[in-house]
Amino acid sequence: MPTRKLGLLLSTAPSHSSVDIVAKLADAAVRQGIEVYLYLIDEGVKSLKDARFCALIEGGMKMSVCAYGCQQHGVPTQEVDSRVSLSGLVVLSGIIDGCDRFLAFT
């Protein structure tokens, strides 16, 4: 049976309730063996070093972060985990196209 894939987009500030929802949803999916792809954009890039997301990367979640968004919001990228992809919208498009389900939290 092919692996299911879930794509998640997060564009809200760390103080927004969507961050917690995305972290819990991603955790539940990873635990069920679903491949999870998280893309942080706009103010979502401020959650780049959120401990919950870092733990999920350890568990196999793939995370991409909008490089332009980091620049615009002053999020330093020099010490980004090597497993995190700094990317643009082409990667987001690939996630949307390649996943069975895609949810956007904006």
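I started with Asp50, which is buried at 17% relative accessible area. The cut-off for buried is under 20%, so a residue at that value qualifies. I noted that this is a predicted model.

Next I asked what the side chain of Asp50 meets. I found Arg52, in a salt bridge of 2.8 Å from N to O. Arg52 counts as partly exposed, because its relative accessibility is 35%. Asp50 and Arg52 are linked with Asp20 and Lys24 in a network of salt bridges.

How many salt bridges does the whole structure hold? My search returned seven.

I moved on to Arg83. Arg83 forms a salt bridge with Glu58, and the closest N and O atoms are 2.8 Å apart. This pair links distant parts of the chain, 25 residues apart. Glu58 lies in helix α2 (residues 51–58), while Arg83 sits in the loop between α3 (67–72) and β4. Is Glu58 buried or exposed? I read 57% relative accessibility, so Glu58 counts as exposed. Arg83 is partly exposed, at 42%.

Arg83 also has a salt bridge with Asp81. There too, the closest N and O atoms are 2.8 Å apart. I logged Asp81 as partly exposed, with a relative accessible area of 30%.

Last, I checked Ser87. I located Ser87 in strand β4 (residues 84–87). Ser87 counts as buried, because its relative accessibility is 10%. Which residues does Ser87 touch, leaving out those up to four places away in sequence? I listed Tyr39, Ser64, Val65, Cys66 and Ala67.

Technical notes: Residues are numbered from 1 along each chain as its sequence is written. This is a predicted model: local features need pLDDT of at least 70, side-chain atom pairs count only at pLDDT 80 or more; totals for chains, interfaces and linings use all residues. Side-chain values use heavy atoms; hydrogens and water are left out. Helices (H or I, at least four residues) and strands (E, at least two) are DSSP runs, numbered from the N terminus. Buried means under 20% relative accessible area, exposed over 50%, partly exposed in between (1.4 Å probe, protein chains only). Contact means heavy atoms within 4.5 Å. A salt bridge is a side-chain nitrogen of Lys or Arg within 4 Å of a carboxyl oxygen of Asp or Glu.
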